[in-house]
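Dear colleague,

My findings follow directly after it.

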Amino acid sequence: MPTALVNQKPVELEPGERLNCIQAAARVGVEIPAYCWHPSLSVVASCRMCLVEVGDTKPDGTVVMQPKLVPGCQTPVKEGTVIVADSEKVKAARKATLEYLLLNHPLDCPVCDQAGECFLQDYSYRFGRSYSRLQEPKELKPDKDHIGEQITLFTDRCIMCTRCVRFTREISGTAELQVINRGTHEEIDIFPGEPCNNKLAGNVVDLCPVGALCSKDFLYKQRVWWLQSAKSVCPNCSTGCSVNVDQNEDHVHRLKPRDNPQAQGSFMCDEGRFGWKYLQAEERLTYPLQKTDTTDGIRDWTAILNALKQTVEQAVKKNPQKVAAVLSPWMTVEESYLLASWLKKLSSQVTLALGPVRVVGEDDTYPKDIHGQPVQPVKFTIRAEKCPNRRGVGEVLQHFAGKIKPFAEVVSEAAAGKYDLVYLVGGDPAGWIDDAQAQAFGQVKTLIVQDLLPSPVLAHASFILAGGSFAERDGTFVNHAGLAQEIHKSVRAPGNARADNRIFWELTGRTGLFHAGNLRKEIGEAIPALAAIQPGKLGDLGVLLTSTPDNAQIPVVHA
Amino acid sequence: MPEFEPVLLARIHKADSTSLEGYRADGGYGAYQKALGMAPADVTKMVVDSSLRGRGGAGFPCGLKWTFLPKDHPGPIYLAVNADESEPGTFNNRILMEQDPHQLIEGIAIACHAIKSEKAFLYIRYEYGRCYRVLAQAVQECYAAGLLGQNIQGTGINLDIQLHRGAGAYICGEETGLIESLEGKRAWPRIKPPFPAIEGLFRKPTIVNNVETLCCVTQILGRGVDWFKSMRVPPDPKNPRDPGSYGPKLYCISGHVNKPGCVELPMGVTARELIDVHGGGVWKGRKAKAVVPGGISMGFLSADELDTPLDFAGPGKVGCMGLGTAAIVVVDDQTSMVDVLFNCCRFFAHESCGQCTPCREGTTWMRKILERIRGGHGKLEDLDLLMEVAGSMGIIPGTTICGLSDGAAWPVKNAIAKFRPEFEEYIREGRRSITPAQELMATH
């Protein structure tokens, strides 16, 4: 196996592996600082922060070092490469580069959004000098609030790494951003009247290593050191981008993509990035309700769940064929397992169906060419299927019901009066049921609706269970490609609403507290198709379900 | 030394030096005919044997560069002619293009035959409008006479020359910056490797040669290798990396001399001879204080170093970066080196492309420091700071992609090392070159 040396530490390389010095060094825990280099973008080697000394081991064992410093981002590592990233020469170059970068930087960290997660701060602290020797006035450049609907540019903070420019050229393909002027007067800008509003535009904020590009949505809302991150998965389409949900005091403030080569790469789309606002919607269902004839209804979880449990059990006992449950593709694997296994245990004749899978248009792939047409190779896809877990719920249904019954069938059967009791789980914040469909459930004697937001069907419900959003639950989502990823609770559900997993846990009469990991063990043993999600296997990046192909043709609803 | 007859500039004073007819009357395109009768590899070998080194500044062996092209490359190979002559004090390409365009076109044709290229791009800096018009006329004449185009003179060889005017940037003279600019992009030099000979213009193998280099190719083919090598400064036996300097060279003389101009001389003439014999001496009866040996990015020769031979290796021996474009700029003894250096730094701060951090910020910082010194607010430690900034810039420490940064740093290093007492005196005495009002205006 080829071996290279980084600061005297051996680095093992896979045969045929193409790494640069930064990546090789990271393998043995040596950080080579860099600004312009990003694993998903082309190499320009212009920030000159990653300069290292590099040499080759000759066949006779001697090491010949190159006389000049070389950029680590651009230098490939192969058998016998020797990298020195901690010599005085390297340190001096880093110190000089940081001094250059800070010459015209306004040093307005106290009012900068990036402070606390800023590479300029971090590297200056670790590699830079503590004061500037510039005695002349700094270059002043105008802030540009107009460069995008979601992004703003503090031009004077920019260090000209051009990551944002390369992103819009290479990943989104829309090429709105460019460099204008020359030398120290350089600025990032747009062509007049052509703002950066593509569906991936928000990524340039994450890519910006300093506080130059900021998200208007997040601007001045929080200091980042107040935020706590939970690893999660964006639920807004079946791509299932790995994300971090950043919250403070039970209030989500932003979603940021988390690198995951199996899911989406390094980026996420703006639909997902800003598509969590319903979490804080005033209309959110904040308490459970059992409708009664005499009073305003019962709003106590314990009483409602006990009553609900009895009602369901009695209905199944009376005639299991008249009982149905609709499992939403917004449920986690664990939740769908809890509900499905409980009902099927009561009677195998209970009907299980998949909730509406909302599909909007076609898959939207990037990069685009100047005419907006997709270009190969595809680097990012916003999927048309706007739900996070159609495959995971599908596997559960396949196991317990033997088939995946589409929502439309349940609707028509309900309209025909086939069911006495229907358990509807919603969860799609963009709406999943229209008036006509809701009308069909008016025939059902006992209708149970579990959802986040009000919908027309609530009018017919006897039980309304206020559930939790993706940020309020633990569990597992399986994306379009069969990648199972864990989501973690970030905030508590508003008011008296409850995470769905807890609702099902108590409803199904289990004791103790819900724990996703323990339950995954049970699921993995019970459902062969989901064996891969057993504890210890998911990790931060998820695991691919290899057992079955995508479960057949799922009937979808075109919105 | 026997009386030297100019060759490259032999025709420039003729009345019809720019016409094809006149050029042919002087035996023009004979070298091309000769080349067409030879195999491309033989032409390349001839250029390799002549030890012709690039005249654009870096002095890279021209024939060797041609051999770097991939063998039996199936796709197109391009020749890009670097006529973006922007080094301050340099105007030899301009004279060649304005006065003897066919010599250049013949050189291009020979080079394209040698490297099997069917397309040459001639990148002319925007400011050279007359060069463009003269060359456009000359190229048209060649097409009409069947010297360019498809199936040239029935040999089955094709060649198109496309003229391209730059938009006014020093960095376009850097070969990869020139390629980017030709592609219609911002002239940000590329990281190397891959070198242009492997992946250049439109990602195809590309040779970039200077105008004077190609004119030399014409003469080498016409007059032979022995003629070219008869003018020489042999390699320094103590320096294994010195391949020697051969052939005639165009020296540009400008600055404080009585008779500025461009002269053709054998390699290795001294700066003193250039000033006294060819430049008519320093003006107003003064003495030379400093001389730029080859464009300002090469640094300065002090008055004691004027006997340095100006061949490719000579200026390097006295701390300059090299011969560069062999354009000497004379500074007389009444001129402040602070002002001279400020002018250099202002130029490079203006022309830095802004890609690499050290160059983008360093050039402007040095300009600002010198601006402050010129305003009478200098401190002695500013000189050390200037040296430190200059020392941390450029491909020689490895901190930038192209050589512009070295070129910006070298005059600073040279000026302060060689003229430090003058700088110290300037600062200590609180002298100033600009008024407070000018200082307020001096923001860019």
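Two residues are taken to be in contact if their C-beta atoms, placed from the backbone, lie within 7 Å. On that basis, 28 residues of chain B are in contact with 25 residues of chain A. Helix H12 (337–351) and helix H13 (357–374) of chain B are the elements that give two or more residues to the side of chain B that touches chain A; helices (H or I, at least four residues) and strands (E, at least two) are DSSP runs, numbered from the N terminus. H13(B) supplies the largest share of that side, 10 residues.

This is a predicted model, in which local features need pLDDT of at least 70, side-chain atom pairs count only at pLDDT 80 or more, and totals for chains, interfaces and linings use all residues. Residues are numbered from 1 along each chain as its sequence is written, while chains are lettered from A and ligands numbered from 1 in the order in which they are written.

For chain A, the mean pLDDT (the predictor's confidence in each residue, from 0 to 100) is 93, and 98% of its residues reach 70 or more. Over residues 551–555 of chain A, however, pLDDT stays under 50.

A:Gly193 lies in the loop between strand S11 (187–190) and helix H5 (203–207) of chain A. A:Gly193 counts as exposed because it has 6 C-beta neighbours inside 10 Å; the cut-offs, for other C-beta atoms within 10 Å, are 20 or more for buried and 12 or fewer for exposed, with partly exposed in between.

In helix H5 (residues 92–99) of chain B, 6 of the 8 residues are buried, among them B:Ile95 and B:Leu96.

Yours sincerely
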